[in-house]
Amino acid sequence: MSIAKAGFPFIIIPLIIGVILLFLGGGWKYPGAFFILLCFFCCYFFRDPKRNVPHDEKLVISPADGRIMEIIKEGDTNVIRIFLSVFNVHLQRSPVSGKVVSMDYKPGKFLPAMDKAAHMENEQNIIKIRNANGEYTVKQIAGILARRVVSWVKKNDELKMGQQIGLIKFGSQVDISIPVSARIKVKEGDKVTGGETVLSEL
C-alpha cells in the first residue's frame, strides 16, 4: 500500500526523533518508543489504497471514506454529509468526471464534525465540478482535530471520476451536493468508500 506524499513530513520527523532518542538510551527509550509508534500511526493515517473506480457517467461516487451522517435537501440539490474518523483514509476523490468551475477557500472555526454548524462555520475548501449532467459541490471541512484542509485542484482543471483532489489532515467531514434529479443509493449510517461507493445514479 502506498502513502500520500503529504504525509511524509508527519512520518519522517517522528521517525528521526524516535531513532535519536532510542540511540541515547536510558530514560529516553520510552519517549523514543512513543515517537516510533507515532510514526507507524502516521503511516497508517496517510495510507493511499488502490480503489476500483466505476466507469459509468450516470453514477456519482463517494468523494471520501467514512460514514453518512446526514442526507438533506437544500434547494435543488441533495446534500450528503460524510464523517471521517481518524481511522479512515483521508484522501478525497472527485465524485464525477468534469471541469472544476470554481475553487474557494473559506477560513473559519474548528467545531466538531457532529456540530450542526460545522458545515457552515468551519474552515473549508469548496470545489464545484460541472459536467453534462449538472453541477456537483464537494466541501472539505476541517474539524476539532483536523486543522488543515488541502486541495490539489484549481479552477478549469479537467477531472476524472475517482481522481484524487485533496486531503484533510486528522479527521473531519466531507459534504457533497448532488442534483435532486439523481436517485440516492445510500442512507444515513452507511459506511462509504471514497472512489468506490455509489452515492447516487442519474
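1. The largest nonpolar core holds 25 residues, and Ile68, Ile80, Ile178 and Leu199 touch the most other members. Such a core is a set of buried Ala, Val, Leu, Ile, Met, Phe, Trp, Tyr and Cys residues joined through side-chain atoms within 4.5 Å. Buried means under 20% relative accessible area (1.4 Å probe, protein chains only). At least two residues of this core come from each of strand 5 (77-84), strand 8 (124-131), strand 9 (134-141), strand 12 (164-169) and strand 13 (172-179). Strands are DSSP runs (E, at least two residues), numbered from the N terminus. Another core, of nine residues, lies apart from it; Ile11, Cys39, Phe45 and Leu91 are among them.

2. A word on the source. This is a predicted model, where local features need pLDDT of at least 70, side-chain atom pairs count only at pLDDT 80 or more, and totals for chains, interfaces and linings use all residues. Residues are numbered from 1 along each chain as its sequence is written, and side-chain values use heavy atoms, with hydrogens and water left out.

3. Eight strands form an open sheet in the order 11-7-8-9-13-5-4-15, with antiparallel pairing. Two strands pair if DSSP finds at least two bridges between them. Strand 11 (158-159) and strand 15 (191-192) stand at the edges with a single partner strand each, so one side of each has no neighbour in the sheet.

4. Strand 8 and strand 9 run antiparallel and are joined by eight bridges. They form a hairpin, with two residues between them. Lys128 stands opposite Thr137 in strand 9. Asn131 stands opposite Gly134 in strand 9.

5. Strand 9 also pairs with strand 13, in the antiparallel sense, over five bridges. Here Val138 stands opposite Ile176 in strand 13.

6. Last, the cavities. The count is one cavity of 30 Å³ or more. The largest cavity has a volume of about 40 Å³. Pro49, Arg51, Asp65, Val89, Leu91, Arg93 and Gly194 line it. A cavity is a set of points on a 1 Å grid over the protein atoms alone where a 1.4 Å probe fits but cannot get out; lining residues have an atom within 4 Å of a point. Volume is the space filled by probe spheres set on the points, which are joined across faces, edges and corners. By class, this lining has three nonpolar, one polar and three charged residues. Asp, Glu, Lys and Arg count as charged; Ala, Val, Leu, Ile, Met, Phe, Trp, Tyr, Cys and Pro as nonpolar; the others, Gly among them, as polar.

Key. 1 Å grid on protein atoms, 1.4 Å probe; cavity = no way out; pocket = protein on both sides within 12 Å on 5 of 7 lines; lining within 4 Å. Buried < 20%, exposed > 50% of the residue type's maximum accessible area, 1.4 Å probe, protein only. Helix = DSSP H or I, 4+ residues; strand = E, 2+ residues; numbered from the N terminus.
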